[in-house]
Amino acid sequence: MNIKVLVVDDSPFMRKIITETIASIDGLEVIGTARNGRDALKVIPLLQPDVITLDIEMPGLNGLETLEIIKKEHDVPVIMMSSFSGEDNTIAALDLGAMDFIEKPHDIRNQSDLFKNEVADKIMPLFEQKRTDLPTEKSALQKSELENKLPKKIKAIAIGASTGGPKALFSIIRSLPENLNFPIFIVQHMPKGFTTSFSKRLDKESTATVVEAEDGMAIKGGIVYVAPGGYHMLIENNCIKLNEADKIHGVRPAVDYMFETAAEAYGSELASFILTGMGQDGARGLAKIKETGGFTVAQNRETSIVYGMPGHAVQKGVIDKIASLNEISELINWMIRMRS
């Protein structure tokens with residue numbers, strides 16, 4: 001059975017492009033369109049879509065306002081359609097509960113294949129784990145063993161995420177206590193420009209200082225460093241190093257590069273977390289972290305939007321602990337208190 005999509009956009013041209021693109025993807029079907037937020041809210045109960053693509057910039061009831069109402073009244077995933085100039089609103093939408101976002105092409109005539117792949121990659125994984133009857137993994141550690149397994153001294157935390165990651169990271173970073181005194185490194189798969197808005201919003205709403213990492217930046221305790229879109233982030237000689245080396249797993253920044261260099265820098269005093277996301281990024285780096293004596297945690301299936309990255313790491317046997325998102329926040333805060 002096809003995944004039913006409702007397309008919401010005030011531009012007739014974009015509605016046509018998005019509709020035609022979705023119709024060309026096996027397994028997806030457009031069951032309706034709406035030209036604004038108010039029309040969308042009227043037809044959602046009638047059409048009962050499986051997923052909604054929602055334009056951010058619309059007259060009247062804009063995308064953010066529409067999203068907020070949808071999240072209150074309906075249990076349906078929403079993918080935002082964003083322009084590059086709308087980074088701040090896109091990040092706000094992710095914070096409100098949008099599953100992900102897709103950048104509108106600057107030149108749709110020459111980017112149609114890229115756009116099609118992006119649409120498929122953002123929508124299809126949201127439903128794959130629902131259709132797959134996979135067993136629920138149990139933690140590799142009992143609670144009584146956890147304290148003995150954790151590093152005796154934490155010098156840094158490394159976190160990797162993709163689809164669904166922004167909302168998870170908002171939850172984690174907002175809950176950090178004021179006494180954070182070691183660095184936290186984050187790689188979130190996100191394009192250039194959007195990581196700037198993401199970092200600023202995290203910084204505004206957290207007691208910790210959150211920055212978008214810059215090449216050559218000295219690493220200091222109490223700072224959260226977010227890898228900038230389009231650059232791999234490495235940790236060398238107590239400094240941030242950025243480069244534009246080839247993508248791995250089709251992404252840049254890649255979690256693996258950050259995890260591997262963090263393992264070399266901090267060894268057995270590193271704790272790492274792989275969160276919700278599509279694909280396999282992070283497992284190779286987690287293997288390196290385990291090899292050097294660090295501690296590895298995967299977000300569980302139940303609280304992951306897409307279980308690809310954490311699930312792959314679990315299958316590879318490189319995870320010490322499987323935990324819910326709330327448990328991850330509690331564990332990180334416990335590590336911070338332990339260090340204080």
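Reader: What pLDDT do side-chain atom pairs need in order to count?

Author: Residues are numbered from 1 along each chain as its sequence is written, and side-chain values use heavy atoms, with hydrogens and water left out. This is a predicted model, in which totals for chains, interfaces and linings use all residues, local features need pLDDT of at least 70, and side-chain atom pairs count only at pLDDT 80 or more.

Reader: Is S162 buried or exposed?

Author: S162 lies in the loop between β6 and α8. A residue is buried under 20% relative accessible area, exposed over 50% and partly exposed in between (1.4 Å probe, protein chains only). With a relative accessible area of 10%, S162 is therefore buried.

Reader: How many residues of strand β6 are buried?

Author: Helices (H or I, at least four residues) and strands (E, at least two) are DSSP runs, numbered from the N terminus. On one side of β6, A156, A158 and G160 are buried, and on the other I157, I159 and A161 are, which leaves both faces covered. The strand, residues 156–161, is largely enclosed by the rest of the structure because the buried residues number six of the six.

Reader: Which residue of β7 is the bridge partner of A158?

Author: Two strands pair if DSSP finds at least two bridges between them. Five bridges join β6 to the parallel strand β12 (residues 270–274), where G160 stands opposite I274. Five bridges also join β6 to β7 (residues 184–188), again in parallel. In β7, A158 has as its bridge partner F185.

Reader: What is the handedness of the unit made by β6, helix α8 and β7?

Author: A crossover is right-handed if, with the strands pointing away from the viewer, the path from the first strand over the helix to the second runs clockwise. For β6, α8 (residues 165–174) and β7, the β-α-β unit is right-handed.

Reader: How far apart are the end C-alpha atoms of helix α10?

Author: The expected span of a helix is 1.5 Å times one less than its number of residues. The 12 residues of α10 (residues 255–266) should therefore span 16 Å, and this agrees with the separation of the end C-alpha atoms, 16 Å.

Reader: Which elements cover the buried residues of α10?

Author: Nine of the 12 residues of α10 are buried, so the helix is largely enclosed by the rest of the structure. Among them are V255, M258, F259 and Y266. The covering elements include β6, β7, β10, β12, α11 and α12.

Reader: How many residues apart are K104 and D55?

Author: A salt bridge is a side-chain nitrogen of Lys or Arg within 4 Å of a carboxyl oxygen of Asp or Glu. K104 and D55 form one, with the closest N and O atoms 3.0 Å apart. The pair links distant parts of the chain, K104 being in the loop between β5 and α5 and D55 in strand β3, at a separation of 49 residues.

Notes
Contact means heavy atoms within 4.5 Å.
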